[in-house]
Amino acid sequence: MWLLLSPTRLEAPFLKGRPFSFLAWKGLKGEGFVYLETGIGKVNAAMALAAYAARNPVERALLFGLAGAYPGGPPLGEAVLVGEEVEADLGLKEGLEPLGFPALELGERRYYNRFPLDPGLTGALAQRLGLRVAVGLTRDLVSEGPEEALALARRWGAALENMEGAAFARACLALGVRGAELRAISNPAGVRDRGAWRLREAVLALERAVGRLLAPP
């Protein structure tokens, strides 16, 4: 059973199931999955996962949605898996480590601004779905121009930008949930002109990937 999450229902129009409500979230229950529409942003994504996992067993979770590509990143309309998320607006421009305060401690491991998704699950999905694995960058305030996007990509070594991934990855680590993240590229990061976006192609890429994910092996 998969717990599927996306920021908006616009990113999951292809999912069919029985509607239900869980606390503040709307969802669907379908064959092999439970889906929640988390709402946009880091707080919403982490709250939805944590609240659901507190009341229900979660075998594995997938966050999926749209993302912007940094220069040199995946092309528009392509779906990719995210192997690591960077929370780039936490602490200084260089991150939390110069301040000495980790965002998360698990035993001897300290996580500052970089949070891995489950490597075994991500690797298995990459092989099954035929998708490449990229580094994602999460911010509450997305890039407002190409220059800012390029600077962030170079500083953190990221290929794509979103608003939820790092919070989801961190919550998965804290809760012991096997988590993976799927993103489809809808626009160049920092480009606000909707004429340059490819929303339809990106949603179709999500549909193909999630459909293959839920298909019997």
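This note walks through the pocket, the cavity and the salt bridges of the model above.

1. **Ground rules.** This is a predicted model, where local features need pLDDT of at least 70, side-chain atom pairs count only at pLDDT 80 or more, and totals for chains, interfaces and linings use all residues. Residues are numbered from 1 along each chain as its sequence is written, and side-chain values use heavy atoms, with hydrogens and water left out.

2. **The largest pocket.** Rolling a probe the size of a water molecule over the atoms shows where empty space is left. The largest pocket has a volume of about 530 Å³. A pocket is an open set of points on a 1 Å grid over the protein atoms alone, with protein on both sides within 12 Å along at least five of seven lines. Its volume is the space filled by probe spheres set on the points, which are joined across faces, edges and corners.

3. **Who lines the pocket?** The lining of the largest pocket has 24 residues. A lining residue has an atom within 4 Å of a point. Closest to the centre of the pocket are Glu11, Leu66, Ser186, Asn187 and Trp197. Helices (H or I, at least four residues) and strands (E, at least two) are DSSP runs, numbered from the N terminus.

4. The pocket lining divides into 11 nonpolar, 7 polar and 6 charged residues. Here Ala, Val, Leu, Ile, Met, Phe, Trp, Tyr, Cys and Pro count as nonpolar, Asp, Glu, Lys and Arg as charged, and the others, Gly among them, as polar.

5. **The cavity.** The structure holds 1 cavity of 30 Å³ or more. A cavity is a set of grid points where a 1.4 Å probe fits but cannot get out. About 30 Å³ of space lies in the largest cavity. Its lining consists of Leu62, Leu81, Leu125, Leu129, Leu182, Ala209, Val210 and Leu213. That lining has 8 nonpolar residues, no polar and no charged. Helices α2 (119–129) and α5 each supply at least two of the lining residues. α5 gives the most, with 3 residues.

6. **Lys42 and its partners.** A search of the whole structure finds 11 salt bridges. A salt bridge is a side-chain nitrogen of Lys or Arg within 4 Å of a carboxyl oxygen of Asp or Glu. Lys42 and Glu87 form one, at 3.0 Å from N to O. Lys42 lies in helix α1 (residues 42–55) and Glu87 in strand β6 (residues 79–87), so the pair ties together parts that are 45 residues apart in sequence. Lys42 also forms a salt bridge with Asp89, with 2.8 Å between the closest N and O atoms. Asp89 sits in the loop between β6 and β7 (104–106), 47 residues from Lys42.

7. **Buried or partly exposed?** Buried means under 20% relative accessible area, exposed over 50%, and partly exposed in between (1.4 Å probe, protein chains only). Lys42 is buried at 10%. Glu87 is buried too, at 6%. Asp89 is partly exposed, at 32%.

8. **The network and another pair.** Lys42, Glu87, Asp89, Asp140 and Arg170 are linked in a network of salt bridges. Arg139 and Glu148 also meet in a salt bridge, at 3.0 Å from N to O. Arg139 is buried at 13% relative accessibility, whereas Glu148 is partly exposed at 28%.
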